Amino acid sequence: MKFVTFQKKDGSLRAGWMKNKDEVIDMYEASNGILPKDMLSFLENHLFFMNYIATEQKFLINNHGVYPLQAVELKAPLPQPKSLRDFYAFEEHVKVARGNRGLEMVPEWYEMPVFYFSNHLAIRGPNEKIARPKKCQWLDYELEIACVIGKEGSDIKAENADEYIFGYCILNDWSARDLQRKEMKVGLGPAKGKDFATSIGPYIVTKDELDPYLIENRYDLRMTASVNGIQLSEGNMREIYYSFGEMIERASEGVTLYPGEIIGSGTVGSGCILELGTDVHRWLEPGDEVELEIAALGVLKNVII
């Protein structure tokens with residue numbers, strides 16, 4: 001299933017899922033209030049709700065709560081996640097990005113997957129405009145995949161992590177590179193350079209839909225990024241060095257993960273201007289349209305203002 005959050009013409013914000021390519025279902029309306037209005041509430045009790053959906057299909061027979069996709073506005077599928085951890089899991093991206101700054105790989109990177117916390121209250125959705133920070137001249141996109149936690153747990157082993165994942169979505173970790181470069185000299189990692197926006201969407205795909213792409217503990221998913229219709233980045237999720245299981249094991253070490261938290265993969269190789277170099281493409285400017293596409297996960301578009 002592909003879960004979405006959307007705004008109806010009356011202004012109400014509802015969660016549901018794609019019925020097909022052209023229609024969405026308001027889960028609350030279609031179930032006469034049994035299913036919740038928002039995605040976070042659904043995730044917090046999704047095992048019960050998913051069972052209800054599977055066993056009570058009769059409530060969809062009369063098309064109650066079904067809307068044409070053109071009649072609603074898709075929002076971020078999980079507008080207010082409980083947290084957002086972003087990892088640094090693709091070796092090619094790390095090597096090239098560091099090499100462009102004259103830096104070698106640090107041996108610690110190979111010892112453990114590392115992450116930082118980003119602003120979970122600055123989530124943006126498909127087709128939402130992204131405001132370039134006033135002091136930023138080096139705005140960048142970052143092509144990533146994210147998983148959404150669906151089950152509470154701590155000290156989760158990598159081999160058991162799949163049962164804690166509800167689904168996956170595209171993630172664009174927007175970066176103000178000039179702000180980031182200056183603040184990272186202090187030694188605390190990215191913060192203000194990532195603070196203003198992170199895009200996710202267009203929907204959360206349940207993990208069972210990705211089974212045909214599974215190769216051992218990774219997915220064979222082509223990932224591309226285009227600016228103004230010109231493809232700049234191309235990679236594949238199978239190239240990831242640390243699996244999501246390993247990321248979840250690291251994140252949950254001595255810490256409880258909760259339904260509704262998001263874990264990002266970090267940027268795929270070639271997946272940002274910092275890595276490609278400004279001789280390939282200038283930094284993003286107002287008016288630019290950025291389009292990320294990942295096989296089976298859809299297309300996520302945003303325009304810079």
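Guide: A residue is called buried when its relative accessible area is under 20%, and we shall apply that idea here to a predicted model.

Visitor: Is threonine 198 buried or exposed, then?

Guide: Threonine 198 has a relative accessible area of 1%, which means that it counts as buried. This residue lies in strand β14, which covers residues 198-206.

Visitor: Which residues is threonine 198 in contact with, leaving aside its neighbours within four places in sequence?

Guide: Threonine 198 is in contact with Leu84, Ser118, Ala122, Ile123, Arg124, Leu171, Asn172, Asp173 and Trp174.

Visitor: How should I read a helix, and which residues of α3 are buried?

Guide: In helix α3, residues 46-55, the buried residues are His46, Phe49, Tyr52 and Ile53. They cover an arc of only 125° around the axis, so they sit on the same side of α3. The face turned away from that buried side carries the exposed residues Leu47 and Ala54.

Visitor: What do the buried residues of α3 pack against?

Guide: They pack against β2 (13-20), α2 (39-44) and β12 (165-172).

Visitor: How many disulfides does the structure hold?

Guide: A disulfide is a covalent bond between the sulfur atoms of two cysteines. This structure holds 0 disulfides.

Terms used: Residues numbered from 1 in each chain as written. Predicted model: local features only at pLDDT ≥ 70, side-chain atom pairs only at ≥ 80, totals over all residues. Heavy atoms only, no water. Buried < 20%, exposed > 50% of the residue type's maximum accessible area, 1.4 Å probe, protein only. Helix = DSSP H or I, 4+ residues; strand = E, 2+ residues; numbered from the N terminus. Arc of directions from axis to C-beta. Contact = heavy atoms within 4.5 Å. Disulfide = S-S within 2.5 Å.
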